[in-house]
Amino acid sequence: MNEPVMLRAVLLGHGGMPEGMVDAVRHITGCEQTAIVPVTNRGMSPDALTAAVQDAIGAGPGIIFTDLPSGSCGFVARRLTHNTSQIVVISGVNLPVLIDFAMNRAMPLEDLVPRLLTKGRAAMGCAPAHLEDHADRAASNR
Amino acid sequence: MPIVLHRIDERLIHGQVVVGWGGQLHPDRIVVVDDDLAGSSWEQELYSLGLPPEIMAEFASVRNARERIPKWRISRERVIMLTRDAATMAALARGGLLAGEEINVGGLHHSPGRRQALPYVYLSDAEEDALRELAASGADVSARDLPATRPVTLDQLLQDGTAH
């Protein structure tokens with residue numbers, strides 16, 4: 001029986017955010033050091049950043065998680081997915097998404113990505129809960 | 001309305017430009033001058049993802065931009081003009097087209113062949129020459145990543161890494 005392919009991942013973001021979030025994921029899940037590779041854009045040219053992410057993600061299959069959907073990190077990530085279906089970008093990452101990835105990286109990419117999007121969106125909430133209704137109304141009034 | 005910011009920033013449309021400078025200058029349009037991007041619609045789409053709906057993005061070749069700079073200057077729109085490197089800005093400025101304008105060096109980061117001048121500015125010999133060419137054309141060149149930071153003059157910038 002074939003061993004499942006373990007997906008690779010990069011967390012690409014601003015400042016100390018990637019290292020900090022990956023450290024938190026390792027602390028919570030005990031996942032191996034290489035499960036998610038943190039890459040910061042601090043002090044990096046677009047070409048150097050592209051090379052660092054490319055080196056970490058290889059040819060995939062894998063996921064590049066980014067903090068923002070656009071800007072230097074989002075752009076580098078989306079550029080690397082051009083012309084390949086083996087690498088996916090998930091932006092607006094949060095800790096529940098990364099934890100779920102670390103625990104389920106043997107799943108096929110096409111099954112795991114929708115699962116992670118659902119987990120990440122569901123993780124956003126607030127207390128008191130009635131303010132969430134206000135957010136829904138604000139969204140529908142946009 | 002004059003062009004409110006001329007900036008050299010290899011990240012082009014990103015947080016510092018849209019939020020940092022955009023929050024102060026309230027641009028209506030960001031013009032990216034770049035021969036490669038002017039011919040790449042999918043990359044234009046990627047860069048445009050970073051803009052709020054009230055700011056338009058436009059991508060122009062150097063040649064096209066040189067023709068249109070006089071129109072942008074008298075337009076009612078507030079325009080930010082970006083290039084990803086010093087050579088492109090120098091090409092725009094040739095013949096004194098940007099004489100008297102402030103040119104903001106906003107972000108050229110670490111890569112092979114560049115020396116650090118500031119935490120956010122690394123320059124190769126060719127890039128230093130391009131900045132000198134800009135200054136010789138009459139432009140006022142200084143480095144500043146965000147509006148709240150202290151501007152660094154070109155002379156300070158070229159003093160072999162002593163500007164920071």
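Before the first entry, a reminder to myself: helices (H or I, at least four residues) and strands (E, at least two) are DSSP runs, numbered from the N terminus. I also keep in mind that this is a predicted model.

**Cis peptide bonds, chain A**

I looked up the bond from A:G60 to A:P61 and found it cis, its omega being near 0°. I then placed A:P61: this proline sits in the loop that runs between α2 (46–57) and β3 (62–66) of chain A.

Next I checked the step from A:A127 to A:P128, and that peptide bond is cis too, with omega near 5°. A:P128 belongs to the loop between α5 (109–123) and α6 (130–141) of chain A.

**Positive phi, chain B**

I turned to B:L12, which is not a glycine, yet its phi is positive at about 55°. On the chain, B:L12 falls in the loop between β1 (3–9) and α1 (15–25) of chain B.

Is B:L12 buried or exposed? I counted 25 other C-beta atoms within 10 Å, so B:L12 is buried; the cut-off for buried is 20 or more.

B:H26 was my next stop: also not a glycine, and with a positive phi of about 50°. I located B:H26 in the loop between α1 and β2 (29–33) of chain B.

Why does B:H26 count as exposed? Because B:H26 has 12 C-beta neighbours inside 10 Å, and a residue is exposed if the count is 12 or fewer.

Technical notes. Residues are numbered from 1 along each chain as its sequence is written. Chains are lettered from A and ligands numbered from 1 in the order in which they are written. This is a predicted model: local features need pLDDT of at least 70, side-chain atom pairs count only at pLDDT 80 or more; totals for chains, interfaces and linings use all residues.
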